[in-house]
Amino acid sequence: MMEEMGVPAHLNMLTRNLFADSSAAVRLDGIHSLCCEPSKGVRQGCVLSSILLKVYGEYIVTKSLDGWKGGARIGGEIIRNLIRRCSPKPEDMKELLDRVEKNSDKLGLTLNRNKTKVMIVNRAGSSSYQDYEIVSSFTYLCSRVDNNGGSSAEIWRRFILQEKRPQN
């Protein structure tokens, strides 16, 4: 997968060698289990784990967008960026989420529909996302995002947090 994403061969080999011949054990109340050889995953606390997760995510997004005809037209350009989730039609969004789920499954990752939320921005509500909860706001990277596109909820949230902090 990393080769397909354009990662140089020497970095692929270094990454592979880092995890080759790994063993793992469980410690509970000071008692260690027998060692086993993990078949997938990264070492706990490994500095590469977040980077490899991003590579997986980018790979899944790239595969999911391959051949997808949906998206939003902005200034003559079709935007298909998953981070912004630009999709003017609920059926396009459902198709894209289905593609992400299918491509995740191929890599052994599971899209948790119970944790996946849909937020409709600046539009009348819709019930077309049968398998997903529709929310009016959520927290992303420690910031409050709401469906009106404004920042007042985030400003109030930070103001209230500031008020609760002990003064020096």
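A residue is called buried when its relative accessible area is under 20%, exposed when it is over 50%, and partly exposed in between (1.4 Å probe, protein chains only). This is a predicted model, in which local features need pLDDT of at least 70 and side-chain atom pairs count only at pLDDT 80 or more, while totals for chains, interfaces and linings use all residues. Residues are numbered from 1 along each chain as its sequence is written, and side-chain values use heavy atoms, with hydrogens and water left out.

**Helix α2**

- Helices are DSSP runs (H or I, at least four residues) numbered from the N terminus.
- The buried residues of α2 are L52, V55, Y59, I60 and S64.
- These residues lie on the same side of α2, because they cover an arc of only 165° around the axis, taken from the directions from the helix axis to the C-beta atoms.

**Nonpolar cores**

- A nonpolar core is a set of buried Ala, Val, Leu, Ile, Met, Phe, Trp, Tyr and Cys residues joined through side-chain atoms within 4.5 Å.
- Six residues form the largest nonpolar core: M93, L97, L111, V118, I120 and Y132.
- A second, separate core has five residues, including M2, F19, L52 and V55.

**Second largest pocket**

- A pocket is an open set of points on a 1 Å grid where a 1.4 Å probe fits, with protein on both sides within 12 Å along at least five of seven lines; lining residues have an atom within 4 Å of a point.
- Of the 27 lining residues, F19, K40, G41, V42 and L52 are the closest to the centre of the second largest pocket.
- Helix α2 gives the most to this lining, with five residues.

Note on methods. Helix = DSSP H or I, 4+ residues; strand = E, 2+ residues; numbered from the N terminus.
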